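Hello,

Here is the structure we talked about handing over. My notes on it follow below.

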Amino acid sequence: MSLLSFASRLAQPLLLATDPETGHQLAVTALKTLPVPRCGADDPRLAVRAFGFDFPNPVGLAAGFDKHAEVPDACLRLGFGFVEVGGVTPKAQPGNPRPRVFRLVPDQAVINRYGLNSDGMDAIAARLARRTGQPGVVGINIGPNKDATDRVADYGTLVEKLAPLVSYLSVNVSSPNTPGLRDLQQASFLDDVLARSLDARDKVAPGKPVLVKIAPDLSLEGLDDMVQVCRKRGVDGMIVANTTIARPTSLKDQATAKETGGLSGAPLFDRSTRMLAETYIRVEGQFPLVGVGGIASADDAFAKIEAGATLVQLYSALVFKGLGLVGDIKIGLADRLKRGGFATVAAAVGTGVVRWRL
């Protein structure tokens, strides 16, 4: 066990004893102020080529942890293969009033209704500009302001400002905490959003990958429409999936489950993985997929790959298991590949998709 993993496990009970948002802020502050040694080289089996980048491993940090692009390089040093910062909005906005994030400890789950609290694109751009030339894949999740009169235009504004400063952009049309945002998943709206985003990308950073992040609550007909628009517009990938507004009856903490917001963590795993498999079938290999939702172990990560993910992302499980989880997943994932006879992650992608279909 590394010193970092040991320290993280010692600190975990203390963080869990704090208010969830305070605990989050403490974790970010620690990464800003404490020296984070770079992890050793990853198992060569874990190397992935996607979106024009070479990833040392397929395990990424999902949007929502480093909301304001304060610690992307520290997160990369933790051993993540890539990091997604944000969500970021054009103008700074405070988000929803506190309390706005809740732990469901017996369920290993989180409900959040942050509402895209953001320092705004100018502050984020200044931070990203300071890391220009640094190694590592850093993407950014973008969304419109809550009070925007033209949400489609907001996406274009964000792309023009931020595309030159990041590895890829994730177009967020699936946050449940910005009223009306999921309406942009309807085919006609999504087409407008992507047209504006891709035009802006082509002006300032031609070829920069643009991905679309979708909700796990789509109907199969809605998913058909989403994939059709994404394929027609030539996006570079899809991220499956965001948090869910559903509340599974299996949740143990039914009192906290009554809070509004997006549910993430272990209870999201099956729903998001089945949506991933359905997306993989519809995409027909036109572009790679990123699987996110409920990953808390190497077995979970491997299941996402079997269901069609080239890369995976996690966040909520870190709340309960600490930063050492990243290394544990990578070790276990390399072992799963070896036992399955797969020389690379790419060789395993989609091999279990039939098992995961809805």
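Strand β12 (residues 289-292) and strand β13 (residues 311-314) run parallel and are joined by 3 bridges. Within this pair, V290 stands opposite L311 of β13. Please keep in mind that this is a predicted model.

The two strands belong to a barrel: 8 strands close up in the order β3-β4-β7-β8-β9-β10-β12-β13, with parallel pairing. On average, neighbouring strands of this sheet are turned by 25° against each other, direction ignored.

Next, helix α5. At the start of α5, D150 places a side-chain oxygen within 3.3 Å of the backbone nitrogen of V152. V152 is also one of the buried residues of the helix, together with R151, D154, Y155, G156, L158, V159 and L162. What do the buried residues of α5 pack against? Their partners are the strands β4 (82-88), β7 (137-142) and β8 (168-172), plus the helices α4 (121-130) and α6 (187-204). Strands β4, β7 and β8 are also members of the barrel order given above.

Last, D299, which sits in helix α10 (residues 298-306). G332 is 33 residues away from D299 along the chain, yet their C-alpha atoms are separated by 7.5 Å.

Regards

Technical notes. Residues are numbered from 1 along each chain as its sequence is written. This is a predicted model: local features need pLDDT of at least 70, side-chain atom pairs count only at pLDDT 80 or more; totals for chains, interfaces and linings use all residues. Side-chain values use heavy atoms; hydrogens and water are left out. Buried means under 20% relative accessible area, exposed over 50%, partly exposed in between (1.4 Å probe, protein chains only). Helices (H or I, at least four residues) and strands (E, at least two) are DSSP runs, numbered from the N terminus. Contact means heavy atoms within 4.5 Å. A polar contact is a pair of N or O atoms within 3.5 Å; within protein, one must be able to donate a hydrogen and the other to accept it, and residues adjacent in sequence count only if both atoms are side-chain atoms. Two strands pair if DSSP finds at least two bridges between them. Axes are lines fitted to C-alpha atoms, for helices over the stretch in contact, and angles run from 0 to 180 degrees between N-to-C directions.
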